[in-house]
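Work through the following exercises with the sequence and the model side by side, trying each task before reading its solution.

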Amino acid sequence: MKFIKFKNEQESSKYVADLIVKKINHNPKLILGLATGSTPVKLYSLLVENYKTSTHPKTDWSHVKTFNLDEYIGVNYHDAVSYHSFMAKNLFNHVNVNHHNTFFPDPKIDYDELIKENGGIDLQILGIGANGHIGFNEVGSPQHSLTWLVDLVPATIEANAKKYFDGNIDLVPKKALSMGLGSIINAKEIILLAFGASKTEAIKKLKTATKFDINFPASFLVNHKNVTIIVDEGVDVDL
Ligand code: PGA
């Protein structure tokens, strides 16, 4: 696992945005694994900025395919709180990605099979929960799980209530479909982003992890050969 620290979220996100643009220019059929949450918002805005301003070459998303990590169950895709809407608002509506090439876990499809049929994820972007969760793979998630139906844990429901529902827990969806740790580990390359002091403990644990620990889901990354952890100076860890 490689760790890189940048001054702030802007510089960290710029590094990853530049890398993604370079990969798309090199391979127009790039397969990206994408995450939601506050962490990748800056990255997506920089990708949008690049799309609007790039010229020679103009970044072309028309053949790129994207697979998102998770989506709520019981929420209409057009609802503002859905991850479909999050991605549309933050990225998809502002670049020339073909909407038929953007995928989310769906109870009607075998998501892992679909990813495999498309050749597998070239680059997976991840955030991390303060408790080490990845997507909706909470503490106790098995290492080899594929895309699965998960019950959100109270801490995640509370965090989501604060972030998206004015603190009203009753409005937060309680179930989601999430790529499992066993799905994510198949990506050819993984970049995990973590910004701010609230991620310090999780990154400290990740730095010292040597094997998978079911009580710290992010530790599954020790079993991947091409992982980069990118943090900002808010994360108080010596790297
Ligand atoms: P955040 O969430 O990006 O909003 O901090 C990350 C996560 O909980 O996976």
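**Exercise 1. Find the partner of Glu 189 in a salt bridge, and state which elements the two residues belong to.**

Solution. The side chain of Glu 189 meets that of Lys 23 in a salt bridge, at 2.8 Å from N to O, where a salt bridge is a side-chain nitrogen of Lys or Arg within 4 Å of a carboxyl oxygen of Asp or Glu. Finally, compare accessibility, for which buried means under 20% relative accessible area, exposed over 50% and partly exposed in between (1.4 Å probe, protein chains only). Glu 189 counts as buried at 13%, whereas Lys 23 is partly exposed at 24%.

The model is predicted: local features need pLDDT of at least 70, side-chain atom pairs count only at pLDDT 80 or more, and totals for chains, interfaces and linings use all residues. Residues are numbered from 1 along each chain as its sequence is written, and side-chain values use heavy atoms, with hydrogens and water left out.

**Exercise 2. Describe the salt bridges that Asp 106 and Asp 151 form.**

Solution. Begin with the total, which comes to 7 salt bridges. Asp 106 is paired with Lys 108, their closest N and O atoms being 3.6 Å apart; Asp 106 is buried at 14% relative accessible area, while Lys 108 is exposed at 72%. Asp 151 is paired with Lys 175, the closest N and O atoms being 2.6 Å apart. This second pair links distant parts of the chain, with Asp 151 in strand β7 and Lys 175 in strand β8 (residues 175–178), 24 residues apart. Asp 151 is exposed at 52%, and Lys 175 is partly exposed at 36%.

**Exercise 3. Which aromatic pairs does Phe 136 form with Tyr 72 and Tyr 83, tilted or stacked?**

Solution. A search of the whole structure gives 7 aromatic pairs, and the rule is that rings of Phe, Tyr and Trp (its six-membered ring) pair if their centres lie within 6.5 Å, planes under 30 degrees apart counting as stacked, over 60 as edge-to-face and the rest as tilted. Tyr 72 and Phe 136 are tilted, with 5.9 Å from centre to centre and 45° between the planes. Since Tyr 72 belongs to strand β4 (residues 70–72) and Phe 136 to the loop between β6 and β7, this pair ties together parts 64 residues apart in sequence. Tyr 72 is buried at 4% relative accessibility, and Phe 136 is buried at 5%. Tyr 83 and Phe 136 are stacked, at 6.2 Å centre to centre and 10° between the planes. Tyr 83 lies in helix α3, 53 residues from Phe 136, and is buried at 7%.

**Exercise 4. Where is Glu 138, and which residues does Glu 138 touch?**

Solution. Glu 138 is placed in the loop between β6 (123–126) and β7 (148–151), and is buried, with a relative accessible area of 5%. Not counting residues up to four places away in sequence, Glu 138 touches Asn 131, His 133, Val 153, Thr 156 and Pro 217, where contact means heavy atoms within 4.5 Å.

Note on methods
Helix = DSSP H or I, 4+ residues; strand = E, 2+ residues; numbered from the N terminus.
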